[in-house]
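Welcome, and please open your viewer. We will go from stop to stop, and at each one you will hear what to select and what to look for.

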Amino acid sequence: MINFKEFIDKDITAKKTLITTLPTKTKTNQKKYNDQIEQMIQKYSQYQKSVRAYLEAKAKSFEVLENHDTIDQLNEKVEQLEHIRFLLNPTNTYLEKMGFDDLLYQLNNSYMLNFQSLNDIINCFLDKFELVGVKLESDDFDYTCYVHEYMSSFLQVRYSSDKKYHKVSEIFESIYWINPELMEHIELNFRKLIRVHAKKFQSYILEEQKREAELHHIHNYQDCIEKLRSAYIDRNLAGGESISDIIELAKNRAFDIHQYMPDHKVRIMAYQSLISDEALEEEDKRKKVCETLAKLKSNVCEFDQYNTFLPIFTCFQEEYKDLMNTSLKDYKGLKNIENEILTKEKELEKMNHRIFGSKSSIFDFKQQPLSGAGLKKLKMDTVRQAKELYTLYHQYDKEYFKEHVLEVINPSLMVSDVLNLYYSFAYFRKLVVQKAYKLTEYSEIIQKSDEFYHFAMDPTNMIIAGIPIFEEANVKKVIANKYRLNNIKIDEEDLEPEELKTLLNKIQLILRVEMIEHSDVTSIEKICFIADVTKILAQEEKK
Amino acid sequence: MKKNEEKIGFDLSLLSLEELLDCYTNICDFLQFLEENKLETEEKETSDD
């Protein structure tokens with residue numbers, strides 16, 4: 001008895017023959033011919049509909065459902081521990097833990113942002129002060145009379161019920177042409193206020209650290225790092241590619257599942273290029289090879305990311321290699337700038353007092369002891385002084401980071417140490433990203449900085465702990481040698497940056513094939529079928 | 001599966017996955033062939049038999 005496919009093949013052949021023999025000379029013949037064609041179309045449309053429904057149902061029956069609850073819990077645990085790590089980090093200070101460095105960077109680059117974003121940044125600053133019980137008022141903004149004027153208007157709107165910031169933008173317009181550096185001076189005012197209230201921020205952070213550590217039973221920073229490393233490993237294991245993920249990727253044509261068939265040359269070559277035949281002979285050996293390949297994959301991904309961020313490490317080398325001969329004890333750069341800033345700010349304060357007289361109404365515009373040209377000149381002097389202070393503060397920033405580099409710098413400094421520095425200081429991370437990749441678009445800087453941040457914070461990174469920042473290291477040789485010892489066929493050429501993607505694809509193929517072929521819920525043939533049906537249905541939908 | 005048997009008179013579960021896909025492709029190709037081989041109704045008049 002023939003099956004449906006055999007029937008269809010025979011029937012199609014017969015009907016095609018029939019069509020070629022039907023007469024079509026007369027109108028009547030043509031009508032009969034078309035009637036025949038129409039009957040065939042109706043019949044075969046019915047077959048098409050039935051077979052399609054069957055294909056869809058069959059493909060759906062091969063799908064594998066996954067429970068994501070465990071992964072969600074693991075993600076939550078990682079996020080909690082990362083937050084605690086951020087709080088307990090001994091490398092940075094309250095400035096970074098409060099997120100002020102991030103806000104200062106945004107304000108610094110306010111020329112790239114729109115007015116609404118600027119208002120949001122200022123509100124964020126004010127929110128952080130309120131967190132520690134400090135409600136800033138207009139008299140706190142006394143850096144220059146223009147800062148005072150703008151922030152008085154801003155605070156009025158902030159503390160009112162209707163948040164009509166357009167009034168503030170009008171004030172901004174009126175000040176801007178006299179003082180285009182207004183935002184820079186607002187930044188300096190905030191820097192000063194942060195310094196003034198430093199003790200409150202430090203106490204707040206201490207309390208947060210204690211509270212979070214007790215709540216999550218963390219003894220100290222090192223304990224947190226160890227727990228975080230375990231949490232990452234658990235999450236990576238649980239969140240690694242599952243059968244369900246592979247099916248989805250195959251359906252979306254992220255890779256060609258047909259290449260995974262046993263007799264496909266891509267599969268054969270992938271296996272032959274990485275694994276010897278004898279390593280696959282026994283089940284135990286096969287399992288060991290897969291475990292080794294999974295580790296290799298992780299190392300190769302890490303190495304690939306390291307290569308991506310090489311411009312940053314090069315920047316660091318060039319900027320700080322000369323610091324190795326400087327001792328932290330003798331280093332006075334930061335202190336000197338700090339003193340210069342304090343001196344200049346005292347001068348600025350005196351100038352402001354002269355502009356507006358008594359302390360109780362420091363910027364009361366109705367009581368001006370000076371007037372006319374004298375007043376105008378003094379206001380311009382304060383703006384000039386603020387500009388000089390702005391330059392000094394940015395030198396201060398460089399010295400601030402330099403001091404932290406000095407705390408760790410030595411000839412054996414590793415890439416992991418440099419990553420820890422940039423992980424700890426968001427402001428300088430963004431600066432180095434901007435410089436290393438010559439980026440000018442704010443969104444691009446933030447995106448790259450975030451990618452770098454995630455690489456820097458990963459506690460499961462292993463290779464970077466052994467790469468020195470100031471010495472040449474043949475990382476490719478180190479990786480290749482290690483895995484050759486584990487019976488993987490790999491050499492340095494396989495680890496060239498342009499070859500890494502090929503290597504990862506081969507490893508991925510083998511790991512997926514092994515997973516599928518050891519699974520009792522699916523097979524490569526079934527996944528091929530799902531992918532083909534998905535493709536067919538998608539093409540028909542387009543029509 | 002029984003519905004298919006009723007509609008087309010065959011049990012599709014007897015086909016392998018590859019045969020199913022080939023079968024569907026052949027049906028679709030034949031439908032396209034039929035559409036392409038329909039005659040235009042306003043052809044040049046010729047004498048009837």
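Start by selecting A:Ile527. Leaving aside residues up to four places away in sequence, A:Ile527 touches A:Ile246, A:Ile247, A:Ala250, A:Ile257, A:Ile516 and A:Thr522. Here two residues are in contact if their C-beta atoms, placed from the backbone, lie within 7 Å.

A word on what you are viewing: this is a predicted model, in which local features need pLDDT of at least 70 and side-chain atom pairs count only at pLDDT 80 or more, while totals for chains, interfaces and linings use all residues. Residues are numbered from 1 along each chain as its sequence is written, and chains are lettered from A and ligands numbered from 1 in the order in which they are written.

A residue is buried if 20 or more other C-beta atoms lie within 10 Å of its own, exposed if 12 or fewer, and partly exposed in between, with C-beta atoms placed from the backbone.

**Two crossing helices**

Next, select H19 (residues 426-436) and H20 (residues 442-457) of chain A. They pack at an angle of about 115°, with their axes 9 Å apart. The axes are lines fitted to C-alpha atoms, for helices over the stretch in contact, and angles run from 0 to 180 degrees between N-to-C directions. Show the side chains: A:Arg429, A:Lys430, A:Val433 and A:Gln434 from H19(A) meet A:Ile445, A:Lys448, A:Ser449, A:Phe452 and A:Tyr453 from H20(A).

A:Glu212 is 129 residues away along the chain, yet the two C-alpha atoms are separated by 8.9 Å.

Now find A:Tyr111, in the loop between helix H5 (100-108) and helix H6 (115-131) of chain A. Is A:Tyr111 buried or exposed? It counts as exposed, because it has 10 C-beta neighbours inside 10 Å. From A:Tyr111 to A:Tyr442 is 331 residues in sequence and 9.8 Å in space, C-alpha to C-alpha.

Move to A:Arg253, in the loop between helix H12 (243-251) and helix H13 (265-274) of chain A. Its phi is positive, about 60°, although A:Arg253 is not a glycine.

**Where the chains meet**

Finally, colour by chain. Chain B has two helices and zero strands, and 18% of its 49 residues count as buried. The contact between the chains takes 28 residues from chain B and 33 residues from chain A. In chain B, helix H1 (2-8) and helix H2 (17-36) each supply at least two residues of the side that touches chain A. The largest share of that side, 13 residues, comes from H2(B).

Definitions and conventions: Helices (H or I, at least four residues) and strands (E, at least two) are DSSP runs, numbered from the N terminus.
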